[in-house]
Amino acid sequence: MQSREAPSSPTLIGRKPPVHLQVEDLRVQYRVAKGYLIAVDRISFEVSPGQTIGLVGESGCGKSTVGKAILRLLPEDAIVRGKVLLDGDDVLKMSDRELRSIRWTKLALVTQSAMNSLDPVYRIGDQIVESIVAHEDIAKAQAWARAEELFELVGISTERLRDYPHQFSGGMRQRAVIAMALSLNAGLLVADEPTTALDSIMQDQVLSRIRELQDAFHRSMILVTHDIGVVAETCQTVAVMYAGSIIEIGPTAVVLAEPFHPYTMGLRNAFPRIDDERHELISIPGTLPNLINPPQGCRFAGRCPFKTEHCEHVAPPLIQVGEGHRSACHYPERVVEFRARAQERQTWNGTQADIPTPVGAL
Amino acid sequence: MRAYIARRLLQAVAVVFGVITLMFFMFRLMPADPTTMLVEQGLSDEARQALLEQWGLTGSMAEQYWRYLVNMATGNFGSSFFYQKPAWDVLLPMIINTAWIAVPGMLLGALVGCALGIRVGWARRGSATERAGIFLATIIRGVPSFVLGIFMLAIFSTWLRWLPGFGMGQLGLTDDFGRYFTSSFFLHLVLPVATLAIFFIPENLLLMRSGVVENRGEDYIELVRAKGVSESRVAWHAARNSMLPVITWLFPALAETVAGIIVIEVVFSWPGVGRELVLAVGRQDYPVAQAAFFVLAVMIVLANLLADLVYVKLDPRVTYT
Amino acid sequence: MTVSAAKSTKAREALALWSATKRKTIFAPLLDTFDLLVRDRFALAGMIIIGLFLLVALFGHMIAPYDPTQTLRSPDGGLARLQPPSMRHWLGTTAYAKDVLSQLLVGTRVAFIVGISAALVVGFISTLLGLLSGYYGRYVDDIIMRFTDFAMSIPTLPIAIVAVAILGSSLRNIIIVIALLFWRNGARIVRSVVLTEKEKVYVQAARAAGASHTYIMVTHILPNVIPVAFLWMTMSTAFAILAEASLSFLGLGDPNTTSWGQMLNIAFTTGSSRTAWWWVIPPSLCLVLLISSIYVVGRAYEEKTNPKLRKA
């Protein structure tokens with residue numbers, strides 16, 4: 001028997017408290033022919049109630065996997081270890097029934113708005129109603145009324161509830177997905193690449209919508225994205241991921257203005273800034289290391305322009321480098337030098353082959 | 001939408017017309033002069049001529065064709081050489097008899113087949129359920145309908161003696177509609193319906209299964225699951241998306257099931273249109289054969305028409321072209 | 001372009017055409033999947049069963065203990081009717097005192113003759129029509145497809161019954177009738193593949209380079225059509241065997257040949273099907289085994305060529 005919520009009136013959005021999430025030592029592995037592929041390697045972070053944290057990194061770094069692991073949406077063959085404490089209850093240890101009861105009521109997912117992220121043969125209104133009716137004992141008409149309220153919140157005309165997903169534009173679909181996520185006042189939202197499928201104008205609209213909603217309802221949120229700009233606009237905290245680990249975490253403004261990890265510095269370079277004309281785009285050459293037999297030392301050593309022997313043999317732990325700011329680099333004391341050199345193009349050119357650039361040469 | 005329906009109806013009518021014309025030429029090719037049957041009874045030449053006229057066998061091809069079309073339009077299929085009654089009168093009750101097995105049999109087969117198909121499709125890849133389901137479905141699919149019929153007869157009728165296996169009910173029952181609601185009728189109905197259902201299940205199962213397997217991996221399934229609905233509801237989303245190809249296949253498949261129905265009627269000596277077609281062809285009673293063929297062909301045209309209309313309603317993405 | 005240049009282009013084209021047919025490129029996809037097929041256990045079992053039946057079809061008449069049409073006598077002088085299996089008759093005898101085993105062995109040959117001939121004809125017609133219809137499009141496509149649509153709305157078994165009644169029930173006629181019914185779906189399937197292939201970039205490029213229609217059809221489109229056509233032919237083999245058996249069972253089979261369906265027809269009409277299990281089970285079993293095996297192999301083949309159905 002599912003635990004059912006007491007019937008709530010349509011405008012209960014935001015009345016439920018945001019949740020506190022504590023992720024401890026989360027590991028996700030897959031068994032493959034050659035061994036184990038380690039997608040997420042011992043990640044820990046915390047989301048305070050009402051806080052938005054961004055998980056940022058390049059494709060394949062494991063950020064989406066973290067999001068899905070928290071929701072327990074990974075495929076059956078994923079091996080998940082660690083703890084995901086939602087207001088103290090470990091999600092990973094819940095029974096199917098308990099899990100189903102917290103799904104959408106405490107934890108909701110905002111997916112990418114790709115064409116197939118919503119069931120194409122059901123009307124959008126029906127899909128929102130489905131999420132409500134699965135957990136609350138209310139009449140369909142009331143659930144529909146709530147769906148209308150939700151659509152108003154995200155700025156879509158309520159008649160569109162009767163439409164099918166393919167009749168929506170990308171931006172509208174994304175907003176509809178956000179509306180659906182809010183249908184049961186979940187305390188934690190996991191947004192997986194919410195703006196990736198959109199053009200920049202749409203992106204801007206959706207992001208400002210997200211900010212508005214956050215200002216109004218203060219949900220705890222994990223925003224997974226590869227786009228630092230998105231994080232800069234919406235998240236108070238940012239966790240930068242690389243090859244399955246968090247390599248830097250801290251308040252967004254601080255991390256972006258004063259990064260401690262070379263990868264973060266490189267990431268900053270790779271994103272265009274409209275206010276800084278002189279800023280050239282510099283990309284980080286190379287690709288992620290082998291996740292099946294990961295290197296012993298720092299994962300980023302292969303592409304890091306500042307690496308040393310020590311980096312290649314010993315993995316750096318996450319150490320405190322400021323107020324609420326941690327970084328996984330052996331040389332936090334050289335950060336000023338790193339930051340300066342990171343802004344120059346030739347720093348990054350030498351890392352392609354593992355040949356140290358002689359000082360003074362081009 | 002209306003234009004589409006109108007066009008499809010017109011198409012259906014055109015097809016029926018084509019079938020009628022085809023039948024005209026085919027049956028004229030049948031190697032039998034039906035009057036020879038009666039000549040032996042000492043028919044005079046004038047009487048024979050009168051009969052030929054009555055059966056529309058005189059005159060040029062064109063005249064015959066025109067008369068034939070007029071007759072068809074008025075529902076006159078001619079008089080059965082064998083039964084000495086209008087062919088239509090012979091067939092009408094048989095159409096109902098056939099419907100009594102066709103509809104329940106196919107409905108049962110489709111529902112059970114789809115339900116099993118969803119179950120097998122949702123099972124873990126490589127599990128016993130999956131392998132058993134596919135294996136059984138593939139084997140049964142390879143069993144010809146008459147083999148199935150013979151075995152059902154042998155097991156349930158001859159060996160276990162649970163059910164009768166011959167005809168539609170006890171002989172001597174009244175001729176009216178009431179005979180369909182006797183216990184004897186239902187006892188006789190069970191085996192043919194069951195056989196038809198079993199015959200129809202495997203394709204349904206396999207098709208539904210492959211649809212569910214394909215749709216399982218879609219993005220929206222993940223979102224539905226994240227919403228915390230029951231696992232069977234998640235499976236239902238995949239199934240609902242798989243329905244379109246199943247239904248697209250289903251109605252035209254009814255056409256091929258006609259073959260199964262004909263054979264099952266023969267095996268169980270069920271007095272339906274299919275069996276009558278076979279008997280009439282054997283007797284060279286071509287008015288009846290023609291009428292029976294016509295009935296079966298029209299059933300299929302209707303089934304295809306229904307399929308198109310239902311499909312349009314079910315798939316919101318389709319625009320009416 | 002000068003005449004000699006045009007001629008040499010033609011010559012080059014012809015040479016490419018010829019070597020394409022000579023090389024295994026057209027059949028390469030088939031050989032690939034054959035290899036994959038062998039590793040699937042069901043498909044392997046299916047192929048072994050088909051192989052065994054094939055052997056019987058080829059050599060069965062040599063090992064048959066009796067002439068399948070000969071009325072036999074029992075040792076005491078009477079007709080050997082409806083005898084259960086014994087040392088003299090391993091599968092017993094029919095109501096007409098004929099040896100069941102011999103009939104069974106000879107029936108295998110009939111099954112294969114019908115299946116393979118029908119499949120070949122179906123394959124040829126389907127591929128030809130599908131190719132023409134899909135490639136040339138517009139009027140050609142319209143005409144062929146309308147004709148196919150019409151043909152498809154004619155019910156299969158009823159028309160087969162009527163056609164065999166008109167033409168007479170000989171094996172050759174049955175094969176023709178069957179083939180004339182199963183090309184319909186095949187043509188559609190081939191056509192849809194052709195439509196997809198036609199839009200591919202390399203086909204457009206070949207057109208732009210001035211390749212002739214025949215060249216494009218044979219070198220670019222045909223290799224992609226062959227797997228699908230082959231699949232349909234495989235399935236048609238099973239359908240054909242099934243159709244012949246059904247027609248024979250209904251009494252419309254060739255009276256001069258012994259087929260499995262024919263055996264069941266006689267068993268059923270003499271009322272012996274309820275009791276003479278030795279007469280009913282062997283041909284039924286053979287039909288089920290052979291038809292299922294073809295389906296299994298066909299399905300495995302389909303799975304190999306359609307990756308979405310594959311196991312992870």
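**Note on the interfaces of chain B**

1. The area buried between chain B and chain A is about 2300 Å², and carbon and sulfur atoms give 58% of it. The model is a predicted one. On the chain B side 21 residues are in contact, and they meet 24 residues of chain A.

2. Charged pairs occur at this interface: the count between chain B and chain A is four salt bridges. One of them joins the side chains of B:Lys227 and A:Glu130, at 3.1 Å from N to O. A:Glu76 and B:Arg124 also meet in a salt bridge, with an N to O distance of 3.7 Å. That pair runs from the loop between α1 (63–71) and β4 (78–86) of chain A, where A:Glu76 lies, to the loop between α5 (87–122) and α6 of chain B, which holds B:Arg124. Over all chains the count comes to 22 salt bridges.

3. Polar contacts between chain B and chain A number 12 residue pairs, both residues at pLDDT 80 or more. Two helices of chain B, α9 (219–226) and α10, each supply at least two residues of the side that touches chain A. The largest share of that side, seven residues, is from α9(B). By class, the side of chain B that touches chain A divides into eight nonpolar, four polar and nine charged residues.

4. Chain B also has an interface with chain C. Here about 4000 Å² is buried between the two chains, with 77% of it on carbon and sulfur atoms. Three residues, B:Arg141, B:Phe146 and B:Ile150, supply 15% of the area that chain B buries against chain C, more than any other three residues. The contact involves 47 residues of chain B and 41 residues of chain C.

5. How many salt bridges link chain B and chain C? The count is zero. Polar contact across this interface amounts to one residue pair, with both residues at pLDDT 80 or more. The chain B elements that give two or more residues to the side touching chain C are α1 (2–28), α6 (128–141), α7 (145–159), α8 (183–216), α10 (231–267), α11 (273–283) and α12 (286–314). That side has 32 nonpolar, nine polar and six charged residues.

6. Within chain B, the axes of α10(B) and α11(B) come within 7 Å and cross at roughly 80 degrees. The two helices are therefore roughly perpendicular. From α10(B) the contact takes B:Ile262, B:Glu265 and B:Val266, and from α11(B) B:Val273, B:Gly274, B:Arg275, B:Leu277 and B:Val278. Sorted by class, these are five nonpolar, one polar and two charged residues.

Technical notes:
Residues are numbered from 1 along each chain as its sequence is written. Chains are lettered from A and ligands numbered from 1 in the order in which they are written. This is a predicted model: local features need pLDDT of at least 70, side-chain atom pairs count only at pLDDT 80 or more; totals for chains, interfaces and linings use all residues. Side-chain values use heavy atoms; hydrogens and water are left out. Contact means heavy atoms within 4.5 Å. Buried area is the accessible area (1.4 Å probe) that two parts lose on being put together, summed over both. A polar contact is a pair of N or O atoms within 3.5 Å; within protein, one must be able to donate a hydrogen and the other to accept it, and residues adjacent in sequence count only if both atoms are side-chain atoms. Helices (H or I, at least four residues) and strands (E, at least two) are DSSP runs, numbered from the N terminus. Ala, Val, Leu, Ile, Met, Phe, Trp, Tyr, Cys and Pro count as nonpolar, Asp, Glu, Lys and Arg as charged, and the others, Gly among them, as polar. Axes are lines fitted to C-alpha atoms, for helices over the stretch in contact, and angles run from 0 to 180 degrees between N-to-C directions. Angles under 35 degrees count as roughly parallel, over 145 as roughly antiparallel, 65 to 115 as roughly perpendicular and the rest as oblique.
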